[in-house]
Amino acid sequence: MDTLSLVEINHYIKISVQGFFFFGPVCLFCPFCFVKNQKMSRLSKKQPSVCTAAPLTDSNVSQKLAVLHQILTSCLGPSGRLKQIHNDVGGHVLTTSTSSVLLKAVQLSHPVPKLLAAAVLNHTSRFGDCGLFAGVLCSALLVEARRLMVEPPAVATVYRQLLGLCTTYLTQEDCSCKVRVEFSSSRDLLTLTRSVLTSKPACMLTQVEAEHIVLQVVQAFLLTVPSSTTGRVRLGTAVTHLVEGQPPMASTALVGLLVDMPEQLRAADVERLGADLRVALFSTSLAGDLAEEGDGSLEVHGETIVEEAVLQQLLELGEQLVTDGVRLLACQKVVHPVLRHMLRGRGLVVAERLGLALMEPFVQMTGAQPVATFQVAVPFSCYGCVGTLGVHRCGSRELLHLLPAGDPAVCTLVLCHRSETSLDELKVTCQTAEQVLRQTLKEPSALLGGGCTESHLASYIRHKPPLPLPPKSKTVVTQATSDLGCSRSDYLLAAEGFCRSLEATARALESDTTVSLMDLCHAHRWPTSAAPPPGVSWAELVGSCGCGLISGQSNMEWTPLGTGHEPFPPAPLINTASQPHVLDSFPAKLNALQVAVETANLILDLKYIIQDKNELFSSCQSGV
């Protein structure tokens with residue numbers, strides 16, 4: 001190999017990366033720069049874009065949608081299968097069955113599955129729950145649309161009509177699959193939280209541990225509700241603190257905030273601090289880094305060293321804090337060790353490295369205003385106050401417990417688990433449950449869970465179609481079908497596909513050893529172990545429906561869910577004393593239903609998909 005001179009190595013050549021030309025220095029370690037002389041260059045030809053017409057008819061697109069549908073379906077419910085995601089070169093292995101975590105980690109290569117995943121992630125970012133329901137229903141609608149011998153635009157029109165029918169029914173006061181959430185007791189709040197927590201098997205909780213976590217989550221939520229009702233009511237904040245290596249039964253909900261215990265601070269010293277402590281909060285680094293200060297002035301006289309001048313300013317700031325009676329200094333970042341030593345010697349508690357996540361709840365609890373510089377004096381109005389300081393012990397770890405002076409509705413949910421994987425899943429699940437409880441305050445309603453709402457809606461749609469039944473006048477049918485842009489047969493096929501998609505979503509809750517039934521009275525889903533032997537009725541095998549609201553009776557009739565039966569109006573429950581055991585968030589599930597149908601319609605309306613093979617971008621075009 002020829003020896004390259006420094007001039008040859010630094011010589012600039014023209015290279016191309018994915019069709020774009022750049023100029024840069026030659027690097028011996030760069031795969032583009034195999035250089036032997038100054039005249040060599042490497043060019044790569046830009047690949048032409050690929051246009052796919054009618055993507056749903058493409059077998060490759062259908063296969064990818066079918067795989068995504070199978071992945072999401074197998075994650076749904078308490079019997080869902082866990083998924084492990086890792087790359088080929090090693091690294092962290094992710095184990096989850098939560099849609100928001102799964103879809104962020106999975107690399108999707110085609111625009112259609114990417115569109116579906118983006119819709120689900122947008123829903124979960126706003127509502128938290130029912131992401132798997134939205135993904136499973138959307139993919140099921142697309143699978144059913146491909147099986148039908150109907151034009152996709154006509155199917156989308158029928159889907160849109162049926163979505164309006166479902167939305168109207170679910171928002172009615174007399175909806176048979178909706179219950180009112182009562183805040184006079186914690187029963188419904190516990191049921192909502194339990195439904196979210198038990199649907200995530202990756203949390204790895206026993207029944208006793210799950211019940212303990214449910215109680216702590218509800219208690220943490222209630223601590224964020226302010227006691228005062230005068231003026232505008234604002235919910236507080238619940239901060240999640242993770243402790244790995246401890247059993248889940250050690251989890252607890254505490255008033256106030258927990259921060260890392262400062263070094264050389266003992267519990268006896270904390271107890272002697274008293275009450276109503278003045279607090280100073282800094283959002284900038286107090287380590288003397290001028291790069292973070294931005295605009296500002298620093299006077300240096302003669303041959304003074306800059307580091308010494310900065311340290312002098314920090315010490316002057318510390319003197320001001322001592323003079324103003326500050327007892328707790330909290331910093332988002334790092335505090336200079338000399339300043340920290342000086343303040344501790346003067347009786348102040350120094351809590352550093354709070355992190356960005358704790359800043360807002362700290363401000364809400366103490367009333368302190370974050371100071372963004374150490375080069376000016378701290379205004380007295382920026383100080384806050386905490387009630388008292390304490391020490392919280394979790395296993396061998398000690399944490400500084402900050403208790404509020406008034407009623408700021410700020411709390412900390414301490415979550416413990418034996419492994420990192422289960423702890424991460426438990427954190428996401430508890431945050432989702434808290435989000436569901438917050439939405440319930442705005443809309444105090446819930447939908448029946450366990451697949452009962454889906455089977456009920458399917459039966460309701462079959463019995464009450466938007467198009468009129470065979471009428472006496474053909475003009476009525478002509479007008480109705482012309483409004484939808486399809487024939488009656490096309491409408492009936494698409495409507496049946498919509499109902500089968502709802503039933504398939506309910507059947508996704510089955511485990512390997514159960515099958516789903518539907519009663520022919522209330523149209524609820526009933527899980528059972530297997531078909532009855534000859535001479536044995538269904539009533540002897542079924543216990544209660546999926547939501548737990550109805551118990552099996554000898555005079556009831558059942559049919560396997562998803563099989564053909566005569567349409568019937570689902571009868572409402574009258575004067576029932578039982579309470580549902582599984583509930584879904586009404587705002588989350590209603591929005592998930594809308595997202596699923598609208599996303600499916602958007603994909604059905606796709607006319608072309610244009611993909612850039614250079615992997616820089618791709619676009620979809622709908623319409624004509």
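The model is a predicted one, so local features need pLDDT of at least 70 and side-chain atom pairs count only at pLDDT 80 or more, while totals for chains, interfaces and linings use all residues. Residues are numbered from 1 along each chain as its sequence is written, and side-chain values use heavy atoms, with hydrogens and water left out.

Start with the sheet. Three strands form an open sheet in the order E7-E16-E8, with mixed pairing; strands here are DSSP runs of E with at least two residues, helices are runs of H or I with at least four, and both are numbered from the N terminus. Two strands count as paired if DSSP finds at least two bridges between them. Strand E7 (237-244) and strand E8 (252-255) sit at the edges, each pairing on one side only. On average, neighbouring strands of this sheet are turned by 25° against each other, direction ignored. E7 runs parallel to strand E16 (residues 410-417), with eight bridges between the two, and His241 has Val414 in E16 as its bridge partner.

Two helices lie across this sheet. Helix H8 (residues 207-223) lies across E8 and E16, at about 165° to E16. Helix H13 (residues 420-442) does likewise across E7 and E16, running at about 165° to E7. For these angles, axes are lines fitted to C-alpha atoms, for helices over the stretch in contact, and angles run from 0 to 180 degrees between N-to-C directions; contact means heavy atoms within 4.5 Å.

Next comes helix H11 (residues 337-345), whose buried residues are Leu339, Arg340, Met342 and Leu343 (buried is under 20% relative accessible area, exposed over 50%, partly exposed in between, with a 1.4 Å probe and protein chains only). Because these residues cover an arc of only 165° around the axis, they fall on the same side of H11; the arc is that of the directions from the helix axis to the C-beta atoms. His341 and Gly345, on the other side of H11, are exposed. Among the elements covering the buried residues of H11 are helix H10 (306-323), strand E11 (326-331) and strand E12 (349-351). Just past H11, Gly347 takes a positive phi of about 90°.
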